[in-house]
Amino acid sequence: MFGIFKRRREDELAQIEAEITAFGEELARLPLDPDEHGADPDLMADYARALDAYDQAKRRFLGDRDRADAADVLRTLDEGRGTLARVNAVLSGRPLCFFDPRHGPSAQRIAWAPPGGAHRDIDVCAADAIRLTEGLPPIATGVRPPPAPPRPRPAPTKTAPRPGKRPAPFKVAPPGLGEKHHVKGRGDGEALLRQPEWDVPSILVVRLHGGGKVGHVRQGKAQRLADAPLPFRIVRPVSLGTEWPLQLRIESTGTWSAWLQPGDSAPSLDRTIASRGPFLCRYIGGAARIQMDHREGGKFSVTELTPEFGHGPTVLSGKGISSAEGELAGSAFLLVEARGEWLVRVA
C-alpha cells in the first residue's frame, strides 16, 4: 500500500511539473515584439506578471511532496494562465472569452441569455461556443458576466499601427532634426553629425536595416562600435565633452540611418520596459531593486550614467538566457547593453 501511495504522489508531482514546463513553453512561443509592443505599458505589465508567475511556480514547486503541498503552485499557474490569456488577446486583437478570461481569446460571437435574462451577443472561446450551441452550459470555471459585452480591441500590425500610437523608442528619428543631426544612406558610406544646439548630453542612434559594421572615426582611424550579419541598432550616450563633429563609417548591405537626439528624450522606466539590443532610459524615484530578464544568448548589463553621460557603476550583468538583479540608489539614466530581447522591471 505504501508503494501504491508513493507512486501516486510521484505521478501527481510529475503532472504538475509538466504543467509548469508547458506554461514556460507557452511564454517562449509568445509572438511579442518589444520594438512593436514595448510602448503599451498595460501589455508589458501583464507580460511581466506572467513571467513572475512562471518563476514563482518553479521556486515554490521545489520540495513539494504531494499535490496538497503544491496547492500554491497550482494557484500561481492559474493566475499566470489568466494573465497570459490577456496578453494573447491583445496580440491577437480578439477580446477574451466572456465567461472566463482564462479560456483565452474569443473564437466566435454568439447570442446568449443568462437564466431569466435578455439575449445579448457575447464573445466566447471555441469550447464554450460548441457547448452553448449544443444546449449545454459554459465550462464551469467561474462565471462573472460583466454588465455589458466587451468590445474587441483592434489587432496591432506593423503596417497599420493603431491610431495615435507612438513609435517604439529609438525606432525612428524624432522629427525636425535636420541634416546636421540626421543622416540616411544605403550601402557603404559615412555619417557626419554636428554638435547639437541643445545644452544637455545626447543619444546617438544608428539603425542598419541589413547586416554590416559601424565604426567611429577619430584622426583617420575607425574604432569598431558594432557589427552583425543581420539588421541591428546602436544606442550610445554622447557626453557634452565629445569632440565634434561625430564621424561614423558605415558598411551595410541595406539602408541605414544615424541621428542624435537630446538625452532628456530617453523613455522612462516606470514599472517595466522591454526592447531588443542596446537601449537608454531614465529612472525617476527613490532607492529600488531592478531585475533584467534576457531571452537570448550573449552578455547583458545595466550601467548607471553620470549627469554628463559618462559611465558610472554597473547595476547588474549576466549572460545568456537568464535573469540578474541589482540596486538603484535613486534617479538615474541607465544604459542597457544587450544583443537579444530583454525586459527590465522595477521591484
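**Contacts, cores and charged pairs**

Tutor: Apart from neighbours within four places in sequence, I203 is in contact (heavy atoms within 4.5 Å) with F170, V235, R236, W259, L260, Q261, P262, G263, A266, L280 and F309. This is a predicted model, in which local features need pLDDT of at least 70 and side-chain atom pairs count only at pLDDT 80 or more, while totals for chains, interfaces and linings use all residues. Residues are numbered from 1 along each chain as its sequence is written, and side-chain values use heavy atoms, with hydrogens and water left out.

Student: Which residues have the most contacts inside the largest nonpolar core?

Tutor: In soluble globular proteins, nonpolar side chains tend to be buried together. A nonpolar core is a set of buried Ala, Val, Leu, Ile, Met, Phe, Trp, Tyr and Cys residues joined through side-chain atoms within 4.5 Å. Buried means under 20% relative accessible area, exposed means over 50%, and partly exposed lies in between (1.4 Å probe, protein chains only). Here the largest core has 31 residues, and I203, L280, M292, V302, L334 and W342 have the most contacts inside it. Among the elements that give two or more residues to this core are β5 (202–208), β12 (279–283) and β18 (341–346); strands are DSSP runs (E, at least two residues), numbered from the N terminus. A second, separate core has 25 residues, including L43, A50, A57 and V87.

Student: How many salt bridges does a search of the whole structure find?

Tutor: Side chains of opposite charge can pair when their charged atoms come close. A salt bridge is a side-chain nitrogen of Lys or Arg within 4 Å of a carboxyl oxygen of Asp or Glu. The search finds 13 of them. In one, the closest N and O atoms of R109 and D123 are 2.6 Å apart. This pair links distant parts of the chain, with R109 in strand β1 (residues 108–112) and D123 in strand β2 (residues 120–124), 14 residues apart.

Student: Is D123 buried or exposed?

Tutor: D123 counts as buried, at 7% relative accessibility, whereas R109, at 44%, counts as partly exposed.

Student: Where do E296 and R276 lie?

Tutor: These two residues form a salt bridge, their closest N and O atoms being 3.0 Å apart. E296 lies in the loop between β13 (288–294) and β14 (299–305) and R276 in strand β11 (residues 272–276), so the pair ties together parts that are 20 residues apart in sequence. R276, R295, E296 and E341 are linked in a network of salt bridges.

Note on methods: Helix = DSSP H or I, 4+ residues; strand = E, 2+ residues; numbered from the N terminus.
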